[in-house]
Amino acid sequence: MTLTRKDSIKNVLGQIPFTAELYWLVRQRGSPLQSRYSLKNLQAAIPELMAQATHFQKDNPNARKVFVFASLHYWIEHAALLSVTLATLGHKVSFGYLPYSDWQTAINRFDYRRQNAYTKKVLRQLSSLVKIVPFPDIRTGYKPLPDAVQQIVELVTTYDTQYTLQVENVDPESDIYRMRLERNEEAVRTALAVFAVQKPEVVIVPNGTIQEMGVIYRIARHMKIPVVTYEFGDQRQRIWLAQNAEVMRQETDAMWKARQSLPIKKKQMERLRALFAARQGAKPWENFSRRWQGSPKRGGEKVREELGLDDRPVVVLATNVLGDSLTLGRQIFSRSMGEWISRTVQYFIGKPDVQLVIRVHPGEVLTHGLSMVDVVRNVLPNLPEHIRLIKPADKTNTYDLIAVADAGLVYTTTVGLEMAMSGLPVIVTGKTHYRGRGFTFDPDTWVSYYKQLGQILAAPEKHRLSHEKIELAWQYAYRFFFEFPRPFPWHLVRMWEDYKSNPLSKVLSKKGMEQYADTFNYLVGKPIDWQNVRVEG
């Protein structure tokens, strides 16, 4: 990316040993930086955190050599808290970091080193428990990376560019691609050197798909080091975990294999129905932190009237937000989600006996990349009367559309699962967690896609899901929403609010460990025993 004259000067200064560090110590007196990069909440919590850690610290006969990595200041705070907790539980923990404030803006070397000096000062207070490994301090040289490693870097850089620009087609000459490539290469070189020396038994890293966290995950796998990735969804006090996999892939195979035959209790089913009703009604529910719709449910017939839908079969196509982590690398037979949508619209142009309703994801109101509205308009600026386009900001509840639909088409959105829960035949065209569970149609080629689509359109009623398949979809939904996320005290988004309610002393108490001990064990690589996991209700 193009640097300002001031940044160019700082880049030069940043190459001179100790300039940035001395400036920070003398001019800023070691105080927090006047920038977005802030660890002030962690710094304020450390005295109490370390006092509690010292009180609860224990020997662990099953201690593991753990390496925790994070980039970006908010992940660094969270990973530091996790590192202290694991060390208090008796594990030998190292914590490596890259001191960036964001993933999409270039930073000059001078400010980068100042941020590193500030981070080291804050984290130094943890050093009696956790070995701190500042990645900027590791000298690695710049010899070419092995081909397999370079391919890892380029794949993650492509994901980074798609995620940042919210596009599917990536220009390797673009500023953002080149900046992300440079950062990812630097992170990989450092990780190769650090892991070769440290030889961790397990690496723990947030997300594991994009940015420096993505390349660290992949390089650990390349070096055959076990890796645990973690992320957070909508639920407070819950964490998504994946062992030797990208957590954003939401791989539920092992869970489903172990638990699909277990009966769901009446109380558990009532809880799922309450959640589903809240999702439909655009209402918050329990520990879920957001509404899933911008507009309340008003009824299928009202929407049918407003959209001018008649008695012809109705197919609802629900899109994802472009560039979302849940869409990166999820193509099966199409080159991209955009291509699938384009070719599907082209198919329906010649099907005036069927009404297609395209529901563009409401989340697009918060994005800046290519809209699926544009993808549809590029196929045909003026759509025929049997194709309706619902834009992101339109006040239409998706569940009202499901109520009048005869079939559903999805890429990876969870709406496809909920369509199946409503009895609709759903064609799933991307790699998503509920594909192949027995209640969706799952083509793997364009030929099979068009064949399945044609068969459903020819006789929609005959393809409505049986009672058994609807029950299967509900059972899977319960497992996914309530059992796949594991108990965890501190959500990333409201971490310090959560920490105030759940300080380390409470988490490590007998009652707290009854709730969280298994999760901490899974984080250090103990295999998840899905047959016997602790469940609520």
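# Briefing on a predicted protein model

Strand 10 and strand 11 (residues 426–428) pair in the parallel sense, joined by three bridges. The structure described here is a predicted model. The mean pLDDT of the protein is 90, and 90% of its residues reach 70 or more.

- In strand 10, G408 stands opposite V316.
- In a regular strand, side chains alternate between the two faces of the sheet.
- Strand 10 (residues 407–410) is covered on both faces: A407 and L409 are buried on one side, and G408 and V410 are buried on the other.

**Strand 1 and its partners**

- Strand 1 (residues 65–71) is largely enclosed by the rest of the structure, because six of its seven residues are buried.
- Seven bridges link strand 1 to strand 2 (residues 92–98), and the two strands pair in the parallel sense.
- The bridge partner of F67 is S94, which lies in strand 2.
- Helix 4 (residues 73–88) carries the chain from strand 1 to strand 2 in a right-handed β-α-β crossover.
- Strand 1 pairs with strand 4 (residues 202–206) as well, in the parallel sense and over three bridges.
- V202 in strand 4 stands opposite V66.

**Nonpolar cores**

- The largest nonpolar core holds 133 residues, of which F95, F135, F195, Y230, M419, F520 and L523 touch the most other members.
- Helix 4 supplies the largest share of this core, with nine residues.
- Leaving aside residues up to four places away in sequence, F135 touches F67, F69, G96, Y97, L98, A187, T190, A191, V194 and I216.
- F67, one of the residues that F135 touches, is also the bridge partner of S94.
- A second, separate core has 30 residues, including V376, L383, L409 and I427.

**Residues with positive phi**

- Most residues other than glycine have a negative phi.
- Q211, which is not a glycine, has a positive phi of about 60°.
- Q211 belongs to helix 8 (residues 211–222).
- Q211 counts as buried because its relative accessible area is 4%, under the 20% limit.
- N244 likewise has a positive phi, near 60°, in a residue other than glycine.
- N244 is placed in the loop between strand 6 (238–243) and helix 9 (253–259).
- N244 counts as partly exposed, with a relative accessibility of 34%.

- Over residues 288–293, pLDDT stays under 50.
- For residues 288–293, the model has 20 contacts beyond four places in sequence.

Technical notes. Residues are numbered from 1 along each chain as its sequence is written. This is a predicted model: local features need pLDDT of at least 70, side-chain atom pairs count only at pLDDT 80 or more; totals for chains, interfaces and linings use all residues. Side-chain values use heavy atoms; hydrogens and water are left out. Helices (H or I, at least four residues) and strands (E, at least two) are DSSP runs, numbered from the N terminus. Buried means under 20% relative accessible area, exposed over 50%, partly exposed in between (1.4 Å probe, protein chains only). Two strands pair if DSSP finds at least two bridges between them. A crossover is right-handed if, with the strands pointing away from the viewer, the path from the first strand over the helix to the second runs clockwise. pLDDT is the predictor's confidence in each residue, from 0 to 100. Contact means heavy atoms within 4.5 Å. A nonpolar core is a set of buried Ala, Val, Leu, Ile, Met, Phe, Trp, Tyr and Cys residues joined through side-chain atoms within 4.5 Å.
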